[in-house]
Amino acid sequence: MMNTNSANTNNGSKYEEEDGGLNLAGKHQSSFADLNYNSSGSDFARGGQAAPEIYRSLITKRREMEEEEEEEEEEEEEDVRIEVDISTFGAAIVALRVPSKESEDVEDVVLGFNSVEEYAKVDDHPYFGVVVGRVANRIKDGKYTLDGVEYKCDRNDGEKHTLHGGFEGLDVKRWTLKDVSESHVELSVLSGDLEQKGFPGNCKISVVYRVRIIERAKIRERKKMSLLEAPSCELYVEKYASLTCEFKATTDAKTPICLAQHSYFNLSGCDSNEDVGYHLAEFPNVSKYLVLDDENIPTGEIRECHEAFDFSEKRLVFAQLPPMRTPLGFDHNFCIDGDNFSRSVNNRPKSYFAVEDSNYSRHASIPSTRFNESLTHCASFESSSSGRTMDVYTDAPGFQFYTGNFLDGTTRGKNNVAYDANTGFCVETQWWPNAVNEKDFPDSVLEVGQTYVHNTCYEFGLNKGIGASFVASY
């Protein structure tokens, strides 16, 4: 149950000021405690310069789990909790805190920095937690042709290709707070006509970050009360803390678009520096991936997942590595099976249940999308040391699985930790890389009058019974 001491903002929403941030529910210490609140306006200030605002969402509920043992045990309660810090700089997820199997205290599981200034150092910024676009991932040779016109983009990837929209991507823009409640934050930004080199049209973009508790029905073997009892199963409800990321965009001229959330996760803790190769992974509803050339550009071939790319069953991330690459690791697009496999950005997701904007109130108890019905389960991860689990659901045609290969220890993040290679992984749900130049890939060119819709849900839980058998083989 939420307990909030509230005050009114200019837009009528309720919040609590704390440590230079807006605490939307609950008390906790600010990750950006060195920022000072400027009471004369809504921005934070340092040295007279307006800095991005930090909005935080916290949802805390309790769950009761009954365990049937051969000996009677008392009913026990466990917390299902999630805390999220959001910045208007790049619409970044600054911190995401969830419990572990060892402690009821929450711990941050995303890589990042301690101050806004560090996020603004574009030259050294590995896109920690930000929204990337207007076109996420790579565009071959930094150019494409649209309606007979050739557009040239920034070549910021090896001075040859375009990566995440170029030098002036959405990751370095100051987003505007559009709406806020106890459990969500909505940010918006205008990507102007050719403001990002090579991308036509005025593109209005919004993202909603929403936290909630999700219940999922599961089946397990019922524990026998006696040796004579026949084997049986029972239905039970598992609760997960979730963070959803909801993108929408419109344009006044045809333009390629692909937005992605670029958080680096380490389920053992953001400052553990643990190799994510020790994480367990499984990719349900994934049977194909895109083959890459030596410069990480898709060749156009869509290949069946096999050997290193086969995550159809739970395994260690680095139980098998992709063909020799420097640096080693995954940086590949996996194609998601199902109705959205070939979805155009101009089409709504299949099984999409949206509430009409005219009827939708931000105070309503229902979300704008019924995520449990519209999203496909595409990835699952577990940390053997913390017991944390993360499941990813999306309506996008694919996701980039990146294992932090280019982190090299020179970037220092939270708590002055030097992030070494493979100490974080990304699951960037997206349209396929270089789709604007590949006619057989899902269409990524947004038409005038259409709305780009892209939703992703990250669900966090605990597996206290995790074993060491997988880790021993790594």
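Predicted model: local features only at pLDDT ≥ 70, side-chain atom pairs only at ≥ 80, totals over all residues.
I started with strand β13, residues 143–146. Tyr144 and Leu146 make up its covered face. Lys143 and Thr145 sit on the uncovered one. Next I looked up the partner strand. β13 pairs with β14 (residues 149–152) in the antiparallel sense, over 4 bridges. Tyrosine 144 has tyrosine 151 of β14 opposite. The two strands form a hairpin, with 2 residues between them. I checked the turn as well: aspartate 147 there has a positive phi of about 50°.

**Salt bridges**

I found 19 salt bridges in the structure. I went through a few of them.

Lysine 173 and glutamate 195 meet through their side chains, N to O at 2.6 Å. Lysine 173 is in the loop between β15 and β16, and glutamate 195 is in the loop between β17 and β18, so this pair ties together parts 22 residues apart in sequence. I then looked at burial. Lysine 173 counts as buried, at 17% relative accessibility. Glutamate 195 counts as partly exposed, at 41%.

Arginine 220 bridges to glutamate 234, with the closest N and O atoms 2.8 Å apart. Arginine 220 lies in strand β18 and glutamate 234 in strand β19, so the pair ties together parts 14 residues apart in sequence. Arginine 220 is partly exposed, with a relative accessible area of 30%. Glutamate 234 counts as buried, because its relative accessibility is 15% and the cut-off is under 20%.

Lysine 439 forms a salt bridge with aspartate 440; their closest N and O atoms are 3.6 Å apart. Both lysine 439 and aspartate 440 are exposed.

Last, I noted a network: salt bridges with shared partners join Glu83, Asp85 and Arg97.

Technical notes: Residues numbered from 1 in each chain as written. Heavy atoms only, no water. Buried < 20%, exposed > 50% of the residue type's maximum accessible area, 1.4 Å probe, protein only. Pairing = 2+ DSSP bridges. Salt bridge = Lys/Arg side-chain N within 4 Å of Asp/Glu carboxyl O.
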